[in-house]
Structure formats: C-alpha cells, structure tokens
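Have the structure open as you read along.

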Amino acid sequence: MKISNKTLWLLLMLIILLTNGMSAFGLRVLSGWGLPPNIKFPYLTVWFTAGFACIGIPMLLRRVKAARNAAGWGALTSILSIGGQVAMANALNSGLPGNIVFPVTVGGSILVVAIAGKFFFAEKMHPLSWAGVAIGFVAVILLSVS
Amino acid sequence: MRAGLPMCIAGAISFGLLACVSKLAERRRCNPSALVVWLFAWATMIMLVRSLTLSNRVPLTWPVSAIAVVFGICAAVAYLAFQRSIEFGNITVGWLVMNLSAGVPALVSIWVYSERLSALKIVAFCLALLSLFCLFQGNRLEAREKTASQKADS
C-alpha cells in the first residue's frame, strides 16, 4: 500500500505530537517520586541508550549502514541539543525565573527556525500555515509560562 | 541573574540551530535513521561520562530504568518522525509541532497528578488546537495548489 506524502506528513505530525512531549514526562514522574536531583544523569544515560537501541537494532536487522557523514551530523545535533539544555539550566541557576527562561528559549528557537525556513531554506507556506505558526507561537509561550 | 538572559538567548539559538542542522543534513541526503542513531549514540556517551564522574552517585532502580526506556523510545521515535517530515514538509511547521507537543504531558499531568487547570493553560490549549487546525488546513491547501500548478505545467 502506497501512502501519499500528504497522508504521511499528517501521520508524522501526529506521531511527533504524541511522542515528543511525552518523552520529557519521565522527569515529572521522577520528581513525583521525590528522588534526588542527581538521578537525572543515570536516568538520561538509560533514556538515550533506549532511544539509540530502538532505532539502531531495526537498522542492524535491515543491514542499513550508519554512514560516516551521519556521524558528523549526529555529533553536531547532539552538541546543539545538549548545549541548549546546558544554557537553559545555567539561565535557571543564575536566578532567572522559569516563566522567563522557558518562553524565551522555546519561543526564540521557533523564531530562529521560522527565519531560517523563510530566508535560508526558501520554504513557501500558505498564509493559513503562517497564521497557524503565529498562533502556535503564542500557544507555546503561554504553555511555557503556565 | 544578569547572565541569565544571554544564556536564554544562547539556548534559543542552540535549539533553533539544532532544527536547521537537521534540515541541512536532510538536504545533504543524510539517512534519517542513521542521523538519529548517531545523535543518540553521542548523547549516550556524553551522559555516561557525566554519570560516571558524579561525586555522589545515585543507584538506578528497576522502575526508574523502565521509565527511562519507555520515554527514551518516545524521544527517538519523535526525532525520527521530525527528520522524516522535513523531507517533504516545512521545517517551521515541524519544529512548531515539536514544541506544541509540550501540551500533551501538561494535559497528562493535570489528569494523573490532579494539577490545577489555570485559565492561562485553558487559553494555551485552545490556541494550540486552533494552531494545529490552521497548520493542517494550510498544508492541505498547499498540496492542492501544488497539484494544480503541476497540472497547469503539463
């Protein structure tokens, strides 16, 4: 059965919505159990290992090669992801309240991507999609503040 | 506190560049699964080093490990879906949906932990739904316009 790009895109957006947000929910569970803050490091080690195995094992079974160029891109994305987390943690440690740190970081990243998408990647979007981005931007800021 | 705001901006740029680098990798025809595998492999190594160098180590229990496995799989599936979606979808929309997904654990938290549902949260959830509606309708119209222009060309 062949799925059209439109259907596949909708399916992928649904998967992102359900899985990406929930991926951070474990930290909420841990905080509910009253475990020491240092638990997050071994927790995240298992968290990343599980993610690695979940994609890596099917790749191994299908004999898909993890090309060398992907190692470079992977390293870069990994550094940027951890760099963002460290910067956010440092901002919180400096005494800045979370209701400023989270909206600025999350909202700012969406702005960076929107500018890059328009001017660097020359992506075309329908005005309704731009309206969705603007409304979504406000929603994300409100979610971070609340 | 003065260093806090530049740190926030650095965080925003770092996360924004993360999405842009993913798009650049896609343009260079990097295999999405391979990219995600390497991303998680490098992050595992960094976290392993950090865990082993902790002065006061905390032992992992089975329930904590089980939760880490479930939510780690969620994270890998989400990033793979994002990487696949930017092959034919807009990066701005994909990244926005990644961030809008924060509403799902907020809803689950309200349900599981009986957290207070503030007026601000209700407004945020309504706006998120409206945004998703606009994004999905916009995508449908973009696809229709593309098909019409392809038909006109042929």
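Two residues are in contact if their C-beta atoms, placed from the backbone, lie within 7 Å. By that criterion, residues 24 or more positions apart account for 71% of the contacts in chain B with a separation of 6 or more. Please keep in mind that this is a predicted model.

Chain B has 6 helices and 0 strands, and its elements run α-α-α-α-α-α from the N terminus on. The radius of gyration of chain B is 20 Å, well over the 15 Å that the globule rule gives for 154 residues, so the chain is more spread out than a compact globule. Along the principal axes, its C-alpha atoms fill a box of roughly 70 × 45 × 40 Å. As for burial, 50% of the 154 residues of chain B count as buried.

Now to the helix pair. How do H2(B) and H3(B) cross? The axes of helix H2 (residues 32-52) of chain B and helix H3 (residues 62-85) of chain B come within 9 Å and cross at roughly 140°. The crossing of H2(B) and H3(B) is right-handed.

| Helix | Contact residues |
|---|---|
| H2(B) | Pro32(B), Ser33(B), Leu35(B), Val36(B), Leu39(B), Phe40(B) |
| H3(B) | Ala76(B), Tyr79(B), Leu80(B), Gln83(B), Arg84(B) |

How values were computed
Residues numbered from 1 in each chain as written. Chains lettered and ligands numbered in written order. Predicted model: local features only at pLDDT ≥ 70, side-chain atom pairs only at ≥ 80, totals over all residues. Axes fitted to C-alpha atoms, helices over the stretch in contact; angles between N-to-C directions. Helix = DSSP H or I, 4+ residues; strand = E, 2+ residues; numbered from the N terminus. Left-handed = near helix turned anticlockwise from the far one by under 90°. Rg over C-alpha atoms; globule rule 2.2 N^0.38 Å. Buried ≥ 20, exposed ≤ 12 C-beta atoms within 10 Å, placed from the backbone.
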